Amino acid sequence: MSTAPASSRVLPPHRRPELLAAGAATVTVVLWASAFVSIRSAGEAYSPGALALGRLLSGALALGVICLLRREGVPPRSAWRGIAISGVLWFGFYMVVLNWGEQQVDAGTAALVVNVGPILIALLGARLLGDALPPRLLAGMAVSFAGAVTVGLSMSGGGGSSLLGVVLCLLAAMAYAGGVVAQKPALAHASALQVTTFGCLVGAVLCLPFAGQLVHDAAEAPVSATLNMVYLGVFPTALAFTTWAYALARTTAGRMGATTYAVPALVVLMSWLTLGEVPGLLTLAGGALCLAGVAVSRSRRRTAAIPGQAQPTAEPRREDAGRV
């Protein structure tokens, strides 16, 4: 019978934050994948701007209640620059142009253009935050991008594309990347909940010009579409953006961006289970590539232990890796 103390049979303390961050990232990608199913319903009854505003208002309300219960308070001044930029680019502009762009192009084009975002995140993170670009991250992103495009092309259904739609999807990808990179330094000064809550509020304020359209659409929309809009605000926005921020504070922007390449694979699975859309072999192959690429991008090179030499217990964390 082993006499080892109980503490030796549990996870080392330095591993727990890493596993919690991985769990938070998993929650994010699952909820963001589920958003595609809800957007299909809500997007038929709500215009792009109205849907974005309704989603952000629902998310801001849920986050505000949680902040009050936890007595989070207002973020410090040092965090506001990143919060404001991410709120404008990611919570506001991104949601509107993505909703609009996906009405103009087929799924294959959208997958090709929008999934440039994680690549831009890695490049901007390296340029503005000083993040490293290890070969495994670049290789994994290349594999995942190929998989995302494969999934999109296989599910496009032969729809048409417009120049406006391509431009809108490209703008969405750029806004997404800029918002993530701006959010990273803010997380060194404020909690994930604060950064998400006030970023969501900034985005909602930016979308207030669509308030009239939201009232008009809500009066005519079926209950199912409105419930899907509320779901988008509470879960893929309030919860998923908070878990995203929690994980982002504990890793690099590039690695977090690469994680989102799991979303297309999960969308395929959810569409199969909830909508009865049986994926073809090409779609399944693309989903497998997405997941394989994420696994590669998040893996770390193992170094052999040298007898008598102390091994590091945790990867050092940079609280504020640069400025945006």
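Contact here means heavy atoms within 4.5 Å. The model on screen is predicted, so local features need pLDDT of at least 70 and side-chain atom pairs count only at pLDDT 80 or more, whereas totals for chains, interfaces and linings use all residues. Residues are numbered from 1 along each chain as its sequence is written, and side-chain values use heavy atoms, with hydrogens and water left out.

Begin by selecting Trp244, which, not counting residues up to four places away in sequence, touches Thr28, Trp32, Trp90, Tyr176, Val180, Gln183, Met256, Gly257 and Thr260. Trp244 is also one of the members with the most contacts to other members in the largest nonpolar core, which has 68 residues, the others being Tyr46, Trp90, Tyr94 and Val180. Such a core is a set of buried Ala, Val, Leu, Ile, Met, Phe, Trp, Tyr and Cys residues joined through side-chain atoms within 4.5 Å, where buried means under 20% relative accessible area, exposed over 50% and partly exposed in between, with a 1.4 Å probe and protein chains only. Colour helix α10 (residues 223-248) next, since its 10 residues are the largest share of this core; helices are DSSP runs of H or I with at least four residues, numbered from the N terminus.

Now select Trp90 and Phe241, whose ring centres are 4.7 Å apart with planes at 50 degrees, so the pair is tilted. Rings of Phe, Tyr and Trp (its six-membered ring) pair if their centres lie within 6.5 Å, and planes under 30 degrees apart count as stacked, over 60 as edge-to-face and the rest as tilted. Trp90 belongs to helix α3 and Phe241 to helix α10, 151 residues apart. Relative accessible area is 1% for Trp90, which is buried, and Phe241 counts as buried at 2%.

Move on to helix α8 (residues 192-206), where Thr197 lies. Thr197 counts as buried at 4% relative accessibility and, not counting residues up to four places away in sequence, touches Leu63, Gly64 and Cys67. Because 12 of its 15 residues are buried, α8 is largely enclosed by the rest of the structure, and what covers those buried residues includes α2 (48-70), α3 (77-101), α7 (163-186) and α10.

Finally, select Cys200, another buried residue of α8, with a relative accessible area of 0%. The closest cysteine sulfur, in Cys207, is 9.6 Å from that of Cys200, too far for a bond, as a disulfide is a pair of cysteine sulfur atoms within 2.5 Å.

How values were computed
Helices (H or I, at least four residues) and strands (E, at least two) are DSSP runs, numbered from the N terminus.
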